[in-house]
2 protein chains.
Amino acid sequence: MPSRYSTKTPPDALSLAETALATGIAPDLLRVWERRYGFPSPGRDRQGHRLFPTEQVERLRLIRRLIDGGARPSQVVALSAEALNDAISRGLAPDPGRAGSPIGLDADVAEALRLLEEENTDRLARHLNAALMRRGAGAFVIALAAPLTGAVGEAWQAGRLSVFQEHAYVHAMSRVLGRAAEALAVEQGPRVLLTTVPGEAHGLGLAMVEVLLALEGCVCVGLGLQTPVEEIAAAALHHRVDAVALSFSSFFQPRRAVDLIAQLRGALAPETALWVGGSCAGLRNPLAEGASFLVGLPAIAAAVAGLREGSAKRSE
Amino acid sequence: MPSRYSTKTPPDALSLAETALATGIAPDLLRVWERRYGFPSPGRDRQGHRLFPTEQVERLRLIRRLIDGGARPSQVVALSAEALNDAISRGLAPDPGRAGSPIGLDADVAEALRLLEEENTDRLARHLNAALMRRGAGAFVIALAAPLTGAVGEAWQAGRLSVFQEHAYVHAMSRVLGRAAEALAVEQGPRVLLTTVPGEAHGLGLAMVEVLLALEGCVCVGLGLQTPVEEIAAAALHHRVDAVALSFSSFFQPRRAVDLIAQLRGALAPETALWVGGSCAGLRNPLAEGASFLVGLPAIAAAVAGLREGSAKRSE
DNA sequence: GACCCGATTTGTCCAGGACAGAAATGCGGC
DNA sequence: GCCGCATTTCTGTCCTGGACAAATCGGGTC
């Protein structure tokens, strides 16, 4: 079989399947864009199979970012690379949800970035652990983990960090956060289920939420990542949780997010709260009735308080 | 757009895309099987789109397991559900690599399974933590974590555990293993990079390996899961590791595994060792020159010894 | 038993068309 | 001026049926 996996294609071009994987754009859609908009315009190999030059793949990535951000395909697919970059810098600058702390980088954040770039991963892990002990879990999450994760993401998008460094960061930070959550675990309190939906492989936000929830006295039930919707509902029932918390990264397809949230809301018992968070563009749209978008980490405390109040009222 | 995500299809049937996702069989392939072998034979909705009854989806899952195990499609695709089950129980019984310990279940394993089924996740986490302290990391991994993971997998396949319970187990065990690895971390020794390739989301095996490597005095550099091949190579260079360890679960497409291993071997410096492990069927095939298949966890010690010897020789 | 070569099997890609649901637009009433 | 509804345009997925290269099998030879 023609291996869709190996890269036996010429060095500077990807096959259709490889391009689809690299850009997150379905093969069918790539073909239809070519037909409708004239872009992409891949070369062909001897058998007539498409070969996408890396330059076009790069352009496709920019296009996807714009579309995920709300642009219409007909307006951006045929744009040149420069026009795309313009549109992105114009469109992404006023990013709500992340802005808000124009107070330069915290010293620990800067130091962690330096360690990540220049040193090995043990050093980074030790630094994070030390910062956790020094600041306490709450301040660690809000003042260090969250901004640092944002900074790492930006540095990666800007090309200052490579993919493997970002991976190493995520791995190290997950461990630190997991340990903090475990140490804070309580036996009694509002019960919250934490997970992500299938397709959402980013769990750092969720790990931060878990720490904050544990600080608020919640019992956290972690299911890891990518739990199918019906299984989330089944687990919510089985563990008798009061709330389900989901996280959607900015890489998650916005439309799919609202779709899945509605689906889960329908599958959950009405008295179970549904909290969603993260920087996915879709969450800014109106959500299903009964799902709340917790913007920013501090909002969590309020949600937990609401939960406590509600349950007190019900048990009166 | 017709949502490929939401389940607006009749309760007992899946669309083409949903079926492909649920079975791991590409949409194109499902169509071609229908044309060639007469199975699956999905119904159609008003627009002529395929609707796969859940019963056929189940059959497709069995078919995929057989094919992954080495069967030819032409021989198994048209088989009835009973014939498939027969073939599976016949074919999978002499599973090499997992068999070998006919000594009933360890008491801790049995207790952990019970906690997972009947109790909440905190109890399970506490039990695992206690067992780790009691036995020590090496025995914990070899005598508890590995067999327990196998048992959970079997219980899940047999339908005795639901998906969310399996998820909860993986999450809890990852944390315990991560903590053990962190506590065992050393500063000097052979350097090993640990990760999985894109598409391989199962990291429990890798976490066990990390603990064992740390016990052997290795410095472990964890990159988390699903690192692209070029990035693994770049990270290996950057962190100056002596070996790269990859893990492939039985769900990973065998052909893709050997393909990616060959690719990575080509991208790594020749003096960097490449270790692969896991229950993926593809690993039993001959691998790329210079990649070693470490079968079972105890084989790791030998590999590390080999590494030490080699590096001593080189530095003579 | 090891090896090689032709025949068959198998998975992915191609083209161009159809259609339903989402988004945008236009329009009338408050 | 603004909201709510109907109409039009846009968009993504699925359809059919055919092609072809790589993988695998089967048999013959050394």
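**View 1. Packing of H8(A) against H10(A) in the predicted model.** In this predicted model, H8(A) and helix H10 (residues 204-215) of chain A pack with their axes 10 Å apart. The angle between them is about 165°. Angles over 145 degrees count as roughly antiparallel, and H8(A) and H10(A) are therefore roughly antiparallel to each other. The crossing of H8(A) over H10(A) is left-handed. H8(A) contributes Ala137(A), Gly138(A), Val141(A), Ala145(A), Ala146(A) and Thr149(A) to the contact. H10(A) contributes Leu204(A), Met208(A), Val211(A), Leu212(A) and Leu215(A). The contact of H8(A) with H10(A) holds nine nonpolar residues, two polar residues and no charged ones.

**View 2. Packing of H7(A) against H8(A).** H7(A) meets helix H8 (residues 137-157) of chain A at an angle of about 120°. Their axes lie 6 Å apart. The range for roughly perpendicular is 65 to 115 degrees, and H7(A) and H8(A) are therefore oblique to each other. H7(A) passes H8(A) in a right-handed crossing. On the H7(A) side stand Ala131(A), Leu132(A) and Arg135(A). On the H8(A) side stand Ala137(A), Ala139(A), Phe140(A), Ala143(A) and Leu144(A). By class, the contact of H7(A) with H8(A) has seven nonpolar residues, no polar ones and one charged. Ala137(A) is among the H8(A) residues that meet H7(A), and Ala137(A) also takes part in the contact of H8(A) with H10(A).

**View 3. The face of chain A that touches chain B.** Contacts join 36 residues of chain A to 36 residues of chain B. Five elements of chain A give two or more residues each to this side: helix H7 (121-135), helix H9 (163-184), strand S5 (219-222), helix H11 (229-238) and helix H12 (254-267). H9(A) supplies the largest share, ten residues. By class, this side of chain A has 13 nonpolar, 15 polar and eight charged residues.

**View 4. H9(A) crossing H9(B).** Here H9(A) meets helix H9 (residues 163-184) of chain B. The two axes come within 10 Å and cross at roughly 110°. That falls in the range of 65 to 115 degrees, and H9(A) and H9(B) are therefore roughly perpendicular to each other. H9(A) passes H9(B) in a left-handed crossing. Arg175(A), Gly178(A), Arg179(A) and Glu182(A) of H9(A) meet Arg175(B), Gly178(B), Arg179(B) and Glu182(B) of H9(B). This contact has six charged residues, two polar ones and no nonpolar ones.

**View 5. Chain A laid on chain B.**

View 6. In chain A, the peptide bond from Phe39(A) to Pro40(A) is cis, with omega near 0°. Pro40(A) sits in the loop between helix H2 (27-37) and strand S2 (43-44) of chain A. In chain B, the bond from Phe39(B) to Pro40(B) is cis, with omega near -5°. Pro40(B) sits in the loop between helix H2 (27-37) and strand S2 (43-44) of chain B.

**View 7. The loop at Gln226(B).** Phi of Gln226(B) is near 55°. This is a positive value in a residue other than glycine. Gln226(B) belongs to the loop between strand S5 (219-222) and helix H11 (229-238) of chain B.

**View 8. Confidence along chain A.** The average pLDDT of chain A is 85. At least 70 is reached by 87% of the residues. Two stretches of chain A are shown here. Over residues 1-9 of chain A, pLDDT stays under 50. The model has 13 contacts beyond four places in sequence for residues 1-9. Over residues 93-102 of chain A, pLDDT also stays under 50. For residues 93-102 there are five such contacts beyond four places in sequence.

Definitions and conventions: Residues are numbered from 1 along each chain as its sequence is written. Chains are lettered from A and ligands numbered from 1 in the order in which they are written. This is a predicted model: local features need pLDDT of at least 70, side-chain atom pairs count only at pLDDT 80 or more; totals for chains, interfaces and linings use all residues. Two residues are in contact if their C-beta atoms, placed from the backbone, lie within 7 Å. Helices (H or I, at least four residues) and strands (E, at least two) are DSSP runs, numbered from the N terminus. Ala, Val, Leu, Ile, Met, Phe, Trp, Tyr, Cys and Pro count as nonpolar, Asp, Glu, Lys and Arg as charged, and the others, Gly among them, as polar. pLDDT is the predictor's confidence in each residue, from 0 to 100. Axes are lines fitted to C-alpha atoms, for helices over the stretch in contact, and angles run from 0 to 180 degrees between N-to-C directions. Angles under 35 degrees count as roughly parallel, over 145 as roughly antiparallel, 65 to 115 as roughly perpendicular and the rest as oblique. A crossing is left-handed if the near helix is turned anticlockwise from the far one by less than a right angle, and right-handed if clockwise.
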